[in-house]
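Please open the structure in your viewer and keep the selection tool at hand. We will go from stop to stop, and at each one you will be told what to select and what is there.

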Amino acid sequence: IKTMKNIKNILCVHQGYELYGSDRSFALSVRILRDTYPDAIIDVMIPKHGEIKTLLSPICNNLIINNNLAILRKKEFTKNPLKFLYKTVRGIYIAINNSKKYDVFFVNTIVVLDYIIASRFSKTSNILHVREISNGLQKKIFSKILSFSKMKVIFNSNNTANAYDLPNNQITTTLLNGVAGYNNSVNSINYNTINILVLGRLTLGKGQMFFLETIKELVGLMKYSIKVRIVGDVFENQITYKDKLLRFVKIHNLENVVSFKSFVKNPEVEYSWSNIVVIPSVKPESFGRVAVEAMSIGRCVVAANHGGLSEIISHNSDGILFEPNNIKSLLFELVELMETTQNIIKYGEKSRITFQKRFSEEIYEKNFKQKMKILL
């Protein structure tokens, strides 16, 4: 294993190119690697040109665009599995040769198949940062791949770690994410209208449709005045889900209540607008970056009680947890907040304290550096 002093070349590989949560978290990790190993050559590899370049270019020596990265995406695999298999095998061969130039591979997320599998055959110190929860057949497949790779694994929550079956002799550790956070902003309540925000990628698993079904019920009570803002986009041109959301709002006459905004590079304005931030995920989040960002600005977070979110929020203390995929449960919690609006302020104030103690960038940087000393 390389010591800290003789790590001269690091390759960081990431599957994304936008500025969503995992992209920002990856960029933060690269920045800390730069601070930890200031004299090392740090190259970063991503599959496409995108907004993440603005964060990566100042902190890496070379930003490599590799259009042939074997990233496991359902659409690409189902469209032409043989082509994807060829791409993966070719990518593994290239990655093995590439490993001769580096002391460390740092791979972000489990879907970068070529570099994960290649790690089994390379002499580099290989670290995989896992940010996904797998279930069922997916859990079995990825557990086998991770086990075969023999990579050292960092999980971003205990719930993520529990989603994999790895051998006891494989080196693993858990590191909760941290974020830079945003400037303090008073959660000023207009008691006539409460602003509710949902922010993140538009996907079925993120639960925007489930959330809208709950909002329909809340509006139907005719007791509360709310404004809802859904911020985010689908991946590339996969617009079917967004169309369903827009159609639901129109059919149920929610256009005066619900508005949509495209993905924003800096969501601070959206958090500042909100009084309540809802994270309605119907599938478990591996962590829950939106929750932490909202807490940094002192917002009341209402989140599904599964995955990493249950490790972030303490129910009825610094936020609210509801039963996942249960409209009645989410509706009950929202009605409670509408009836006792002072709790919106109280939970927000406590959430800011929790953020500063557990999830600030400074806390994450300290913990990340400690993990690197152990793993490398």
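This is a predicted model: local features need pLDDT of at least 70, side-chain atom pairs count only at pLDDT 80 or more; totals for chains, interfaces and linings use all residues.

Residues are numbered from 1 along each chain as its sequence is written, and side-chain values use heavy atoms, with hydrogens and water left out.

Begin by selecting residues 342–359, which form helix α14; helices here are DSSP runs of H or I with at least four residues, strands are runs of E with at least two, and both are numbered from the N terminus. The expected span of a helix is 1.5 Å times one less than its number of residues, so the 18 residues of α14 should span 26 Å, and the 25 Å between its end C-alpha atoms agrees with that. Now colour the buried residues of α14, among them Asn343, Ile344, Tyr347, Gly348 and Ser351, where buried means under 20% relative accessible area, exposed means over 50%, and partly exposed lies in between (1.4 Å probe, protein chains only). As you look along the helix, recall that an α-helix has 3.6 residues a turn, so residues three or four places apart point the same way.

Next, select Lys48, Arg73, Glu76, Lys87 and Glu236, which lie nearest the centre of the second largest pocket, among the 18 residues that line this pocket. Helices α3 (74–79) and α4 (81–98) are the elements that each give two or more residues to the lining.

Stay with α4 and select Asn98, which lies in this helix. Is Asn98 buried or exposed? At 12% relative accessibility, Asn98 counts as buried, and, leaving aside residues up to four places away in sequence, Asn98 touches Leu11, Met45, Phe105 and Tyr115, a contact being heavy atoms within 4.5 Å.

For a contrast, select Thr240 in helix α9 (residues 240–251), since Thr240 is exposed, with a relative accessible area of 54%.

Finally, select Cys12, which is buried with a relative accessible area of 0%. With a disulfide taken as a pair of cysteine sulfur atoms within 2.5 Å, the count comes to zero disulfides, and the cysteine sulfur nearest to that of Cys12 belongs to Cys60, 8.5 Å away. Cys300, at 0% relative accessibility, also counts as buried.

Conventions. On a 1 Å grid over the protein atoms alone, a cavity is a set of points where a 1.4 Å probe fits but cannot get out, and a pocket is an open set with protein on both sides within 12 Å along at least five of seven lines; lining residues have an atom within 4 Å of a point.
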